[in-house]
Every structure is written in C-alpha cells, then in structure tokens.
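Subject: Structure for your review

Dear colleague,

Please find below the structure that I am handing over to you.

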Amino acid sequence: MATVGIIPGDGIGPEITEATVRVLSAAAPYLSYEYIPVGHLIPGGEHDPLPDAAVAGIRRLGAALKAPLVAPRRTGRIVKVRPDGDRVYPSINNAVRRELDLFANVRPIQSLPGISSGPDLDFLIVREVSEGTYSGIEYRIGDDVAQAVKVVTRGAWERIAHFSFRLAVEQGYGRVILGHKANVLNLTDGLELEVVQEVARQYPEVELQDMMVDALGQAIVRGAVPRAVVLLDNQYGDILSDVAAGVTGSIGLGPGANFGESVAVFEACHGAAPDIAGTGRANPVGLILSGAMMIRHLGDAAAADAVEAAVETALTRVRTPDLGGTATTTDVADAVVEAVRAAAPSPAQA
Ligand code: ATP
C-alpha cells in the first residue's frame, strides 16, 4: 500500500485532480492519497503559499501528483526566510521544484493516434529546472531599466547532462539533442554546450546533436525532430514543451514529471487555466498521463500501460472542447475509467 501526495492546485486543478484520482483508483487500487494544499489560493487569508510542512510532507512521501498552481503575474514571488539567507523564487511552481531539489523536468512529447492533423511527434524533453533565467534574480533600476540574471553552473549542467544521457540509454533513445543559443549567449549557453559535450564523451553509444533553440522550435512545428531526448534549459524548455504539446493537438494533453535524487513530482505541462475553471471544459488527459508516469515510477508498469491505453481508447469517443469535442472533464474521466476496467476487470467485478 503506497501513499502519494496530491496537490490539488488552482483554477482547473481540483477538477482534473478529481478526474485523475478516479482513474488511478481504478488502475492502481492499492494507492492511497495524502492531500497537501499549497499555493497562493489556499484558504486562510495571510499565509505562506508553500509551508515548510508541505515540503516536508512531499519529501516524506517521495512522490506526489501536482495540479497546476496559479502564478500571479508580476506579484507571484515566493520568499522563504532561512537562517543562512532568504531564498527568493519567481513563482510557486518554481519554488516547489527548488525547495524539493527537483532538477529535471521530463516531458514526453508523443502524438496520440487520430488527434492532431499536424505532424506526428515522438521525443522526450528534459528541462533543467534548478537555474537559468528562472533563478529569480531580477532587478529594477529606476523606472526604465530592469535586468534578469541567467545563472548557469557546471555542477547543474553535469547533473542534467548525465540524467539525459542515462535516460537516453535506459529508454533506447539513440540521441540527445541540446537546444541552445550559444551563438548569442556565448558565456551562459556556451557553458551549457561545453559541459554537455564533455559529458557526452562518457556515453559513446548515444549521439549528441546540438541545435540553435530557434531552429529547434521550427523543427518541432514541422515535425522534423527525430526520436531523441531533447535537453533544454529552464526557459527554453518551458516554452518549447508548450509549443510541442500544442502541435500534438492541445496543451491539455501533455504530461510531465520532475525528478530529484529521491523525490518525484508529477504534473501536466499546462497551467491553471483560470479562464475555463469551473466550466467543465478542462482536458484532464495531461494530468491523467502524468499519473500514469507516477505509477510507472512507483514500479507498476502494467497499470501505467493500462492507463495510457485507456486514454487512447477514451479519446476515440470523447473529447473536450480544446480537441474540438463537446465532452466534459467528467465525461473523459468516466470513459478512461471504463476503458481501464474493461481491459482488466477488478476482482470485485470479475
Ligand atoms: P502558466 O504560466 O501557469 O503556464 P498560462 O495562463 O500561461 O499559465 P495556461 O494556464 O496553460 O497558461 O493556459 C493557456 C491556455 O490554454 C488557456 O486558454 C487555457 O484555457 C488553455 N488550457 C490550459 N490547460 C488546459 C486544459 N487542461 N484543458 C483545456 N484548455 C487548457
């Protein structure tokens, strides 16, 4: 009996969380859940959006499913006061990752059959999420000047490069593609390229290719990226994973996971979508597939396969409006649960 954390999130978060927990309960009935509310909208007036107890709870459980959290524009900074100096994070999502030492955000980009009229995509984005332009180091100098610092360290890039090459070996990808802009950002992106090239020498069975990130964006949209691990820094990975999810049919389809040394947090690519919260229009597939990644990570590959197959089956019948359908979030959850049960009847039903 494993227990995982559940962060129900903001906006459409609670709706897609409920849908996902229903699917996981059908596919992996041995799982239990500990709800851990975090974020700017948790009840209680003046509060810390990321209480230390929440971070400790996720750490203790080792795995959590996290729905999207609203990052208020211009005011979403999180400050954690520490005896050795305050830690400032630019957003709640960034704070969750960095307080838990999660450094690799993995986003599988895979077209589902019959969903998009665009090109078929099949690659895996690994996004470095501990530093880069999202380090939270920004200054305003008077009224008219603002600066942001892009932090790139050898240690973080050795860590993410080894993670990416190991993943390429374990999952049979023959290639790692680094997207960068070292022709303009000579020192920062230049260091990323230098470190990744050094680490690549330790994995002779995996080919390293590097591409300018703008050309890579164009290749994604044209369907010209080969099957590979695509390694990107924090900001490029944020942008291109949404672009890639869009090419596969909808931003609502993309799953993801954040890995550290001993903790993993699973979350969809998309944000909290406050514009459609409460309308029943939210596509729960990205979070459901993130849940499948979580149960695979916990060792139950059969249940993960069952959820992924059930999503494909369900999408032949029911689609939310972002995919051109009229189904609600609940309709999709019902159809996925039904397909999971049809594939592997539970003992009670058999
Ligand atoms: P963030 O900065 O947290 O990514 P955002 O406002 O930039 O947030 P999203 O919240 O992802 O981006 O929303 C972008 C658009 O995509 C919105 O129009 C939203 O309604 C839509 N969208 C996002 N997620 C889904 C989903 N699961 N189902 C349907 N539409 C979605």
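The chain exposes about 15,200 Å², of which carbon and sulfur atoms supply 53%. Accessible areas come from the Shrake-Rupley method with a 1.4 Å probe, and for residues only the protein chains shown count as cover.

Please note that this is a predicted model, in which local features need pLDDT of at least 70 and side-chain atom pairs count only at pLDDT 80 or more, while totals for chains, interfaces and linings use all residues. Residues are numbered from 1 along each chain as its sequence is written, and side-chain values use heavy atoms, with hydrogens and water left out.

Overall fold

The chain contains 10 helices and 14 strands (DSSP runs numbered from the N terminus: helices are H or I with at least four residues, strands E with at least two). Its C-alpha trace spans about 60 × 50 × 40 Å along the principal axes. The radius of gyration is 20 Å, which agrees with the value near 20 Å for a compact globule of 350 residues (taken over C-alpha atoms; the rule is 2.2 Å times the number of residues to the power 0.38). Of the 350 residues, 53% count as buried (under 20% relative accessible area; exposed is over 50%, and partly exposed in between). Among contacts with a separation of 6 or more, 72% are between residues 24 or more positions apart (contact means heavy atoms within 4.5 Å).

Salt bridges

The whole structure holds 21 salt bridges (a side-chain nitrogen of Lys or Arg within 4 Å of a carboxyl oxygen of Asp or Glu).

One of them joins D48 and K80, at 2.8 Å from N to O. D48 lies in the loop between β2 (32-35) and α2 (52-61) and K80 in strand β4 (residues 78-80), so this pair ties together parts 32 residues apart in sequence. D48 is partly exposed at 32% relative accessible area, whereas K80 is buried at 2%.

K80 also meets D52 in a salt bridge, at 3.0 Å from N to O. Because D52 lies in helix α2 and K80 in strand β4, the pair ties together parts 28 residues apart in sequence. D52 is partly exposed, at 41% relative accessibility.

A further salt bridge links R227 and D122, with the closest N and O atoms 3.5 Å apart. R227 is in the loop between α6 (213-222) and β12 (229-232) and D122 in strand β7 (residues 122-128), 105 residues apart. Both are partly exposed: R227 at 41% and D122 at 29%.

Finally, salt bridges with shared partners join D48, D52, K80, R82, R87 and E99 into one network.

Yours sincerely

Technical notes:
Buried means under 20% relative accessible area, exposed over 50%, partly exposed in between (1.4 Å probe, protein chains only).
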